[in-house]
Amino acid sequence: MSAPVTYRQPVSRLWWLKKRTYVLFVMRELSSVFVAWFVVFLMMMVFAIGRGEESYQKFMDWAASPVIVVINVVALAFSLLHTVTWFALTPQAMVVRGPGSRQVRAMKEVRVAGQWVPAATVVRVGGRLPASVVIASQYVGLVAVSAFITWLVLR
Amino acid sequence: MTKRHVEPIVWLLFSGGGVVASVFLPILIVLFGLAIPLGWVQPEYDHLHAVVSHWLTRLVFLGLVVLMLFHWAHRFRFTLDDGLQLRSFDRPIAVLCYGGALVGSMAALLIVLTI
């Protein structure tokens with residue numbers, strides 16, 4: 001049987017310019033390009049460090065050229081956009097339970113030999129941490145990691 | 001059919017890379033992309049070499065790089081699919097994105113092993 005043919009309204013390739021929220025969405029998605037850019041940058045730097053002081057200096061001279069500095073400023077902006085939007089989405093993507101949670105017995109359906117059959121299970125309920133707590137604790141993590149890396153590199 | 005088994009793994013790599021990028025990347029860009037090249041701070045080469053060649057740094061570096069590369073691959077795939085309406089080319093786009101991340105991961109492994 002062939003798939004039914006349905007009409008689809010053509011969507012412009014520039015659909016995301018129509019609304020501010022769409023633009024923000026596409027900017028957020030584009031942040032991945034700068035993640036990849038800086039990963040490559042870091043790999044080149046570590047490679048240069050491994051090859052000796054001279055090649056490290058050469059790398060840093062290249063990294064100080066105006067074009068690369070501008071790219072890295074843009075990369076920092078996109079990276080911060082990624083951080084803020086990622087932290088904001090975490091409480092929607094996962095349930096974080098605090099001390100008030102407890103285990104209860106429940107039923108669920110499992111697939112056995114192609115059949116759905118009921119089975120006993122245990123689930124955790126209650127004590128869900130509010131979104132603001134989840135978001136705030138991520139910023140605490142961000143500050144701690146940033147402080148540690150800065151200390152490690154500059155001490 | 002195989003696609004169904006691969007999808008959860010790339011999702012896991014995507015979200016793992018998203019977490020890592022959100023926490024580690026801003027400070028790394030500030031330090032190595034701006035502060036050191038522009039001379040705001042100047043750590044000794046020997047110190048940097050010692051930090052980078054420590055086995056724990058190598059391990060963490062490799063983990064961060066692999067996760068962030070697959071984060072890029074997964075997100076960029078859908079940026080092209082949905083953003084530019086290229087859904088009909090999803091297969092080749094996916095091969096290029098995940099393939100690119102895989103090549104990058106291999107390169108990172110080589111770099112880490114030969115510092």
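Visitor: How many helices and strands make up the secondary structure of chain B?
Guide: This is a predicted model. Read from the N terminus, the elements of chain B run α-α-α-α. The secondary structure of chain B comes to four helices and zero strands.

Visitor: Is chain B a compact globule or more spread out?
Guide: For its 115 residues, the globule rule gives 13 Å. The radius of gyration of chain B is 17 Å, well over that value, so chain B is more spread out than a compact globule.

Visitor: What does the C-alpha trace of chain B span along its principal axes?
Guide: Burial is one thing to note here: 36% of the 115 residues of chain B count as buried. Among its contacts with a separation of 6 or more, 77% link residues 24 or more positions apart. The C-alpha trace spans about 50 × 30 × 20 Å.

Visitor: In what order do the elements of chain A run from the N terminus on?
Guide: Chain A has four helices and two strands. From the N terminus, the order is α-α-α-β-β-α.

Visitor: What is the radius of gyration of chain A?
Guide: The globule rule gives 15 Å for 155 residues. Chain A is well over that, so it is more spread out than a compact globule. Its radius of gyration is 24 Å.

Visitor: What share of the 155 residues in chain A is buried?
Guide: The C-alpha atoms of chain A fill a box of roughly 65 × 50 × 35 Å along the principal axes. Of its contacts between residues at least 6 apart in sequence, 57% join residues at least 24 apart. To count as buried, a residue needs 20 or more other C-beta atoms within 10 Å of its own. In chain A the buried share is 14%.

Visitor: Is the crossing of H1(A) and H3(B) left-handed or right-handed?
Guide: Take H1(A) as it passes H3(B). The crossing is left-handed.

Visitor: How do the residues of this contact of H1(A) with H3(B) divide into nonpolar, polar and charged?
Guide: From H1(A), the residues include A:Val26, A:Leu30, A:Val33 and A:Glu29. From H3(B), they include B:Phe61, B:Trp72, B:His71 and B:Arg75. The division is 14 nonpolar, four polar and two charged.

Key: Residues numbered from 1 in each chain as written. Chains lettered and ligands numbered in written order. Predicted model: local features only at pLDDT ≥ 70, side-chain atom pairs only at ≥ 80, totals over all residues. Left-handed = near helix turned anticlockwise from the far one by under 90°. Contact = placed C-beta atoms within 7 Å. Nonpolar A, V, L, I, M, F, W, Y, C, P; charged D, E, K, R; others polar. Rg over C-alpha atoms; globule rule 2.2 N^0.38 Å. Buried ≥ 20, exposed ≤ 12 C-beta atoms within 10 Å, placed from the backbone.
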